[in-house]
Protein chains: 2
Amino acid sequence: MSSSEAVAAPEPGSLFLSEIREQPQALRRLLEHEKEFAHVAAVARDRGASLVRMVGHGSSDNAASYGVYAFGLLSPWTALRDSIALTVYYDRVFDMSGSTVLGLSQSGQTPDVLEYVRRARQHGAFTVAVTNDPSSELAEVAEAVLPLAAGSERAVAATKTYLNQVAALALLAAHVAGDGARVADGIRSVADQLESELPALEEQAQALALPFQYVGRMFVIGRGSEFATAREIALKLLETCRTAAWPLTATDLAHGPVAVLDPLFPVWTIASRDETLPAVVEAVARVREFGATIVAGGDAASAFAAEYTLPVPEPTLPLLSPLLSVVPGQLFASALARAKGLDPDRPHGLAKITLAR
Amino acid sequence: MSSSEAVAAPEPGSLFLSEIREQPQALRRLLEHEKEFAHVAAVARDRGASLVRMVGHGSSDNAASYGVYAFGLLSPWTALRDSIALTVYYDRVFDMSGSTVLGLSQSGQTPDVLEYVRRARQHGAFTVAVTNDPSSELAEVAEAVLPLAAGSERAVAATKTYLNQVAALALLAAHVAGDGARVADGIRSVADQLESELPALEEQAQALALPFQYVGRMFVIGRGSEFATAREIALKLLETCRTAAWPLTATDLAHGPVAVLDPLFPVWTIASRDETLPAVVEAVARVREFGATIVAGGDAASAFAAEYTLPVPEPTLPLLSPLLSVVPGQLFASALARAKGLDPDRPHGLAKITLAR
């Protein structure tokens, strides 16, 4: 390799796009660690640590929104996105002996997640690091580690580590309920579906980039397990495209925010074939009254009329639809950032590891 | 009264503004019900119902964000904003015998909050309606009622019922911890402080309306107990001013969304004198690097340089600062809506009672 080749910067956005494309393999790598998930679930059960407290920021916190539904739908346990501030800043001490703590951090270095896990362990919680770096400080601080096994993620905006966090939460919840094999099979099927659909999804997302170049404000709407997807797609658009995109549940939309809509304010809707679909369809009708452009994503994207449709395959388990429905959003962010002349690998003002408190 | 006077519509925004002004009295009316709060806390303690599940939409859900901190700071109990969808749409059954459920609804008619409370009660939860209408269906469905006692609220956008929900959650958490009298005194002091400051706050908010008329996108930042305030101010701006304002914690800002900022994207920051202030000050420095205009609200508004400052008095108990720091946001929404020719009493497309699922 010549020295000029060695220093050549990769094409803007090439890391982000290649990591999106790598997601089927990343999911398969996660499944190689199924035994560790079974073990952590068994320990949590034995200790009666049945209140699941999840902590994380950014994409990790979005994955935690999914965790609420993974545990709620698969197990009898309650999972919550816990307040980091109460423990770390307000210095409150709680008896956590009945809790499993999941510290979610791609890098395993997020300072206040680390500190939360350290204190939770001191106060009796069963602490688990869910991280892409099993040799990180977070992994040392926690009693157990669940590796994300997504492979090194170099683009600043998370993609494959988000997907593997979502899959990891489904797998852990399934093992808690003694249902690990079925969900692992479901994740394996999703990896296959995603692999065969990616080329078509890339083309569809690309076609959407041009008309959205000058969009300043967007909503992204999901309900139930797909609220996590709405949060993650909005975050991708914020950080890579500088588009002010905001996530809402279909119901929250009606409780005020709908008033801001107009024809220049498009709404991305995630419609998946589950029990929340009627609420999403109802929200779409409300959006239409305000004249807003509708983008429909998800495996039930054809459940209503939309200006743009980005359908994904239906997974074998409805619970796993967020693993598929987020991908058109990632690909759209990739295409839109490039159309705007931005580099989604290195968004202005962001670093891969956020040390902010 | 002549018939022409009888049918004259009130001046646009007059209901909204008069209800903001009425908040000191509304808080005092709530305090007349202290015994009911003491009673509900005693029942919850006796039943060991120490996991507090809060459900609500819109402003009620924003108040629930405060409830996480009210219980977390005043009591040893954990409070969470529970998923309504799991219980109501996905039809999941959980053993709720260790839970206190707080159904938050101004009208007491929100359909899925009603349905959640009904089912939670069937599954063993101690269910409490926190509502402005103690004769509502929600009050009938729940075992106990805590009246908000805010008086009839006629503007579509909530103000005094939000404030009384926040105060109600503080009061209930305090009674759980046997600390009711101190917090009731604190709320009484806040009512007095607010009453004497309101005229000055109105003037300051009015002065901010003119330069913000053409702002399309805003962030509102709070941390800890003030995240609820950030959510509520953003919601007021969305629903009454059609300004796309979005709430973030100071930390979440750094995990991606900061990348969207520019000089046309102002940031409203709530700075209160508590343990989270350093995180807010750090976030402000980050915002400044992007050239965004900063509005500083809260009792520590002078902790950093800002283009606009909306200080409020320091409450006797730091935990109660959200009762004060939200008011400049309400008043700003009132002034900005009028400057834009909008009617904050009746925002386009919204009704006082939202029946959406």
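Across the interface of chain B and chain A, 24 residue pairs are in polar contact, both residues being at pLDDT 80 or more; a polar contact is a pair of N or O atoms within 3.5 Å, where, within protein, one atom must be able to donate a hydrogen and the other to accept it, and residues adjacent in sequence count only if both atoms are side-chain atoms. The model is predicted: local features need pLDDT of at least 70 and side-chain atom pairs count only at pLDDT 80 or more, whereas totals for chains, interfaces and linings use all residues. Residues are numbered from 1 along each chain as its sequence is written, chains are lettered from A and ligands numbered from 1 in the order in which they are written, and side-chain values use heavy atoms, with hydrogens and water left out.

On the side of chain B that touches chain A, helix α5 (residues 59-74) of chain B supplies the largest share, five residues; helices (H or I, at least four residues) and strands (E, at least two) are DSSP runs numbered from the N terminus. By class, this side of chain B comprises 32 nonpolar, 18 polar and 14 charged residues, with Ala, Val, Leu, Ile, Met, Phe, Trp, Tyr, Cys and Pro counted as nonpolar, Asp, Glu, Lys and Arg as charged, and the others, Gly among them, as polar. In total, 64 residues of chain B are in contact (heavy atoms within 4.5 Å) with 64 residues of chain A. The two chains bury about 5500 Å² between them, 61% of it on carbon and sulfur atoms; buried area is the accessible area (1.4 Å probe) that two parts lose on being put together, summed over both.

Two salt bridges (a side-chain nitrogen of Lys or Arg within 4 Å of a carboxyl oxygen of Asp or Glu) are counted between chain B and chain A. One of them pairs A:Arg223 with B:Asp112, with 3.4 Å between the closest N and O atoms.

Within chain A, A:Asp82 occupies the loop between β2 (78-81) and α6 (84-88). A:Asp82 is classed as buried because its relative accessibility is 14%, the limits being under 20% relative accessible area for buried, over 50% for exposed and in between for partly exposed (1.4 Å probe, protein chains only). Leaving aside residues up to four places away in sequence, A:Asp82 touches A:Arg53, A:Met54, A:Val55, A:Met96 and A:Tyr116.

A:Glu22, in the loop between α2 (14-21) and α3 (23-31) of chain A, is partly exposed at a relative accessible area of 21%. A polar contact of 2.8 Å links the side chains of A:Glu22 and A:Arg29.
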